[in-house]
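User: I'm new to this one. Can you walk me through it?

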Amino acid sequence: LAAGASAAGVQTAASAASGPAAVTARVVPVPASVRPGGGTYRIGAGTRITVIGGQAQARAVGEWTAGLLRPATGYALPVEQRVLPRAGGGRTGGAGRGDGDLAGTGDPGGIVLTLAGADPALGAEGYRLRTSARSVVITARGAAGLFHGVQTLRQLLPAAIEVRTPVPHADWTVPDADITDTPRYAYRGAMLDVARHFLTVAQVERYIDELALYKINVLHLHLTDDQGWRIAVASWPRLASYGGSTEVGGGPGGHWSQDDYREIVRYAAARFLTVVPEVDGPGHSNAALASYAGLNCDGVAPPLYTGTKVGFSSLCAGLERTYTFESDVLGELAALTPGPYLHIGGDEAHSTSPADYETFVDRVQRIVGSYGKTVIGWHQIAAAHPVPGALVQYWGTSGTEPQVLAAARAGTGVIMSPANRAYLDMKYTPATPYGLSWAGYVEVADSYDWDPATVLPGLSAGAVRGVEAPLWTETLKTDAQLDVMAFPRLPGIAEIGWSPAATHDWAAYRVRLAAQAPRWAALGIGWYRSPQVDWP
Ligand code: TNX
């Protein structure tokens, strides 16, 4: 039996590295700043979890942390919440000094999640994590920062912490560290295409759990396409009942009820992910056109489609009914979606004239605005007139896109999803059993070794709002298939979105990435054993 491995082969003690080096050798995305802390902290049978300040959300992060740590440790890990001392009124100087002490609350010991005394520079999602022999203290400005800090704590523990049954003889020591960590980009997304192959709520929630581990904060759901319509719309019921009745390859397809969608939104929110629903148009719309003859310019419904061609369908820009449809659908989705964004698609409208495309995109953008939501569209919408506040999602490979540059100069933000880097459905090599290769083969190093700030030369740094890793499902259906395409590339995109550009280094990253593998094994996540990484 190797030292640090249990009978089941799961890692029960972390690698030899200690102190700050242990953090950079293990944690993905690598934290922005790591210094020596005040000693190592060992989680034991008597460890308590104390939440200081905040409301139900902060308490929920404490409970989530207990739920994470209890099964493998077998410890009780009781959760207690204390009220935050009034700003300026704490016993030893008050909250808000930003010096990182517990601002008058004292250090209760154990695992401490506190909103007291957080440096304003931590922002909405940042956190500080400090260890000592007495405690591991995570400080943040809000519950999201606490949650991200807990993901770091999680990765500092041996992979066996992920096992859902007691793991005896494991060493639950947190290495010595004082971490201060904030994200590079506010938008760090992942997309699931549930249209080409229907995915169940359970599959989406499993993926959300994988995303949360890497501090991804947006789940973009591609809900509609030529091959299927996956969300019930009360005002247009045949979209789901008929338009959702098949998928690529002719399988039975499926759709979510609005309650299913609410459940996904709730599950994502509990992990601090915002859901962005997409209704694609004017192209990628065959499922809708097949469901309602009246949406077609000629009044004739095409058959359902189960192939994988793109660009053959178009909503009818000249029909008033098209906008009634868009308004009804987007209105129902807006009401179901607490997040600020509605994604309107706009890609590959090869069967729509440029004039019709502009008419359609400009009107649909106004509809989104009428529901108080912010537009996201694939970068082709830059050919229309992006409304103030709109974001465009660049998925090209050319590195030149004059209309995107022009839109950005006028204030439009850009989300970076260059297909030859960030598309998780691209094959790694010609031997990859699933996936596509139109944007090339995307090995692990290709998907990691790029900078969102330089993808489109001429784009101002401030125009880039973040990154997103889309997972298209023409060839994918099962959890195992999704996993092997997302892992190990997804953590790399997450690191690009979170970690400072100055930390970017493939040689260091591949070590960190390899250290994640025992965790995936413990979580039941399969991955591609790329020869570019020395897997343990
Ligand atoms: C292009 S990317 C598409 C999708 C396909 C994908 C496959 C984009 C906005 N459109 O319709 O599923 O390629 O990689």
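Predicted model: local features only at pLDDT ≥ 70, side-chain atom pairs only at ≥ 80, totals over all residues.

User: Okay. Which domains does the chain have?

Analyst: The domain assignment gives domain 1 (19–181) and domain 2 (187–503). Their centres, taken over C-alpha atoms, are separated by 35 Å.

User: How many residues are in contact between domain 1 and domain 2?

Analyst: Nine residues of domain 1 are in contact with 13 residues of domain 2. On the domain 1 side, H3 supplies the largest share, four residues.

User: And how do the residues on that side of domain 1 divide: nonpolar, polar, charged?

Analyst: Seven are nonpolar and two are polar. No charged residues are there.

User: New topic. What is the strand order in the open sheet?

Analyst: The open sheet has seven strands, in the order S1-S9-S6-S7-S5-S3-S4. The pairing is mixed.

User: Mixed how?

Analyst: In general, strands of a sheet pair through backbone hydrogen bonds, either parallel or antiparallel. Here, strand S5 (residues 110–114) and strand S7 (residues 135–140) run parallel, joined by five bridges. Thr114 stands opposite Thr139 in S7.

User: Which are the edge strands?

Analyst: Strand S1 (33–35) and strand S4 (79–82). Each of them pairs on one side only.

User: How many degrees are neighbouring strands of this sheet turned against each other?

Analyst: 15 degrees on average, direction ignored.

User: What about helices? Where does H2 lie?

Analyst: Helix H2 (residues 56–73) lies across strand S3 (49–52), S4 and S5. H2 runs at about 165 degrees to S3.

User: And H3? Which strands does it lie across?

Analyst: Helix H3 (residues 143–156) lies across S5, strand S6 (127–131), S7 and strand S9 (178–181). Its angle to S7 is about 145 degrees.

User: Let's do the core. Which residues touch the most other members of the largest nonpolar core?

Analyst: Ile138, Leu146, Leu273 and Val414. That core has 163 residues. H3 gives the most to this core, with seven residues.

User: Where does this core lie, relative to domain 1 and domain 2?

Analyst: Between them, because both domain 1 (19–181) and domain 2 (187–503) give residues to this core.

User: Back to Val414. What does Val414 touch?

Analyst: Leaving out residues up to four places away in sequence, Val414 touches Leu391, Val392, Tyr394, Val404, Ala408, Leu459, Ala463, Val464 and Arg465.

Notes. Residues numbered from 1 in each chain as written. Pairing = 2+ DSSP bridges. Helix = DSSP H or I, 4+ residues; strand = E, 2+ residues; numbered from the N terminus. Axes fitted to C-alpha atoms, helices over the stretch in contact; angles between N-to-C directions. Contact = placed C-beta atoms within 7 Å. Core = buried A, V, L, I, M, F, W, Y, C linked by C-beta atoms within 7 Å. Buried ≥ 20, exposed ≤ 12 C-beta atoms within 10 Å, placed from the backbone. Domains from an automatic or database assignment. Nonpolar A, V, L, I, M, F, W, Y, C, P; charged D, E, K, R; others polar.
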